Structure formats: C-alpha cells, structure tokens
Amino acid sequence: MIRVCFFGAYDPAYPRNRILREGLKRAGADVRECRVAEHRAFRRFPALLAAFPRAAWESDVLLVPEFRHKDVPLAHLLRGSRRLVFDPLISRHDTLVMDWARHAQGSPQARWNRMLDRWALTLPEQVLCDTWAHGELFESLGVRRERLRRVLVGAEDAFFAVPAPIPQEPVRLIYVGGFLPLHGVPIVLDALASLERRSGLPDFRCELVGKGMGFAAATRRAQDLGLERVAFPGALEYTDLPLALAQAHVVLGAFGPGAKAGRVIPHKVYQGVAAGRAVVTGDGPGVREVFTPGVHLRTVPRGEPELLADALAELIRDPDARARLGRQGREHALEVATVEQIGRTLLAALEGNP
C-alpha cells in the first residue's frame, strides 16, 4: 500500500484536494497529512518541521497541494528518499500578473512570481496538471513533459446525487464562484442585459452566487445595466452548493477572454455536468480535452457577450435541449470525473505509471 502525505499550509476544504485525498483513500492508498494553517513563512516552516516526523516520516510520497508553491522547497529539503509530487493547479505569474493584473509585467513582483513558479515546478519528480493545455504552460516554465501527469478536477459525490431539474418557468440560470477575471462575470452581465431586451423569450432568472475580488464591480455593473432578473445572494456554504444546483436549469462556467480561461476547466463546470445540468462555458483547448461541445455541454467563444446571450436564449427556449445536454454530460462525467476515477488516475501517477 502506497503511503501519501499531503504537505503544506493548504486549505483542506478546497474541492481539489478534498477530491484527491478522498480519491486516493478509495483507491487503497494510506493518506496522511502534514498541514499547518499559518501562512507566514517564519511561523509556517517551523510548524511544518515540527509536524513532519509524526505525520510524514513513514510516507512514500510527499504531495504538495494546490497553490502551495512556497512550500515545495521545504518539502524538497525534507523528502529524503520519498518521491516529491506537486499539484500547482495554477502558475503564480500567470494568475497574479497575466490574469488578475495585480502586478505589472516585468515588475520585480512579476519576476519574483515567475522565479517561484520555476523553482516549485522543477524540484519535484512529478507535477500534476488539470489539463494538458495547462501542462503546456508548466512546460514553458521548466517542467519536462515526462514529469507531467494529468489528473482531472472532477466533482464530489453530492453533485452526482442532484435530482433532475423540474421543467418549469422561470428557467433558472446560476453562476457560482469567486468573481475572478477568468470567469468573465462582466461578459455574463452584458449577455443577461441582451437577454432582458429580447422579446418573446420565456421567463428566466439568474443568480450569481458567491463573493470575491470582482463582486462589488459586478453589482455596480448590474445596476448600471438596469438588470431586473439578476440576483446576487452572496456567499454560499460549500455543502449547500448541490442544493443550489438542484434549483437551477443552466449552469454558467468561465467566459473571460484571457488565455488562462481557455486552458482550465473550473470546478463549476464539472459540478454542473455531474449534477445533470445544461452547462454553458467558454471554449478553449482545455475543455475540449475532456468534453465534446454540443454533446456534453455548450461552449461559446470567450469574451463575446452576444454569442453567450444567443446560446442562453436557445437553452431557455428549449427544455429538451437542456435535458439532453444534462443527461449526456452527466453520463460522461460518471466515466471520467468521479472521485473514484480521479483517485485511480492519481494513484497510477504516484506509482509511476503513465
């Protein structure tokens, strides 16, 4: 039995590592944790050093979960004969500089984050990627292709247990997320404004659920557009998300024009297809690796609100199309995106299989 220790100051409630940990357990691995909550390095590193002998000493693999680039060098120093695996899920430079525009390109902070990317991605024996399109970005940062292993994001059991939607008006659309730039919420709002101007469309409502960096700007934009069928209910407990999807007919994915949105498949997309809902998301190489547009979900060009509005209008008018997409998407998700399947894929990667 392989013994895997998750290492670092990660959030154990984040869906990605919830699925990886549970999937490994179901696949038969012995899963341990060497985790601390403190994110300041001068406290975090001593706490991890203190916890390491008890939590990780007999492990075969140290797995540093998503976003914990800064913890990879310490894991490398402590690894001994253990295999070191990193699941970055993002590039810091790609996210903080290119997507969020938090730092200017070429600035000292941009160079620092690119260095952290390279350091964290080149020390481990294996680096996980959620799509091969994302893996190509990691390759450009120094990872050799043979060290990459694709492990899809997937969805947890509760989403597959969501009952079929009730085919009644109003047709309910839902977005759930952190209002991140890659999600393209302003594009969604412009598309909804276009829908509200169209005559003869069946009644619909849209909820944009969550809070985050673009939330305030989104609520202001909705007011400026005079949107009447859009609500912002705020943050939602993760355990309540399946219930929220159960009340929806259409799930919105990510529509941002940036390159990152084309490389990734957000949790919300997997959760929507697992729940048997008609999912609409931005097109790109990432989503096409796993799903067939028009069969498992609907894709639209990213950054194009009128084309998004056209796709949503078709689904609002056609309950049969919604049901067909939802059924076919869920059937495919049962084949590739369950906790068990993700666990088997990760275990094979950790055991050195391609």
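Which helices and strands do the buried residues of H5 pack against? They pack against helix H3 (72–78), strand S4 (83–86), helix H4 (92–99), strand S5 (126–129) and helix H6 (132–140).

1. A word on the basis. This is a predicted model, in which local features need pLDDT of at least 70 and side-chain atom pairs count only at pLDDT 80 or more, while totals for chains, interfaces and linings use all residues. Residues are numbered from 1 along each chain as its sequence is written, and side-chain values use heavy atoms, leaving out hydrogens and water. Helices (H or I, at least four residues) and strands (E, at least two) are DSSP runs, numbered from the N terminus. Contact means heavy atoms within 4.5 Å.

2. The buried residues here are Ala110, Asn113, Leu116, Asp117, Ala120 and Leu121. Seen down the axis of H5, they fall within an arc of 120 degrees, so they line one face of the helix; the arc is that of the directions from the helix axis to the C-beta atoms. Buried means under 20% relative accessible area, exposed over 50%, and partly exposed in between (1.4 Å probe, protein chains only).

3. Pro108 and Arg111 are exposed, on the face turned away from the buried side. Trp112, also in H5, is partly exposed at 38% relative accessible area.

4. Arginine 21. This residue of helix H1 (residues 15–26) counts as buried, with 11% relative accessibility. Leaving aside residues up to four places away in sequence, Arg21 touches Phe6, Pro12, Val31 and Glu33. With Glu33, the side chain of Arg21 forms a salt bridge (3.7 Å, N to O). That pair links distant parts of the chain, twelve residues apart, with Glu33 in strand S2 (residues 30–35). Glu33 is partly exposed, at 36%.

5. Other salt bridges. The structure holds 23 of them, each a side-chain nitrogen of Lys or Arg within 4 Å of a carboxyl oxygen of Asp or Glu. One joins Asp60 and Arg3 (3.0 Å, N to O). Those partners are 57 residues apart: Asp60 sits in the loop between helix H2 (41–56) and strand S3 (61–64), and Arg3 in strand S1 (residues 3–8).

6. A network. Arg26 and Glu22 meet in a salt bridge (2.9 Å, N to O). Being four residues apart in helix H1, they are separated by about one helical turn. Salt bridges that share partners join Glu22, Arg26, Asp157 and Glu340 into one network.
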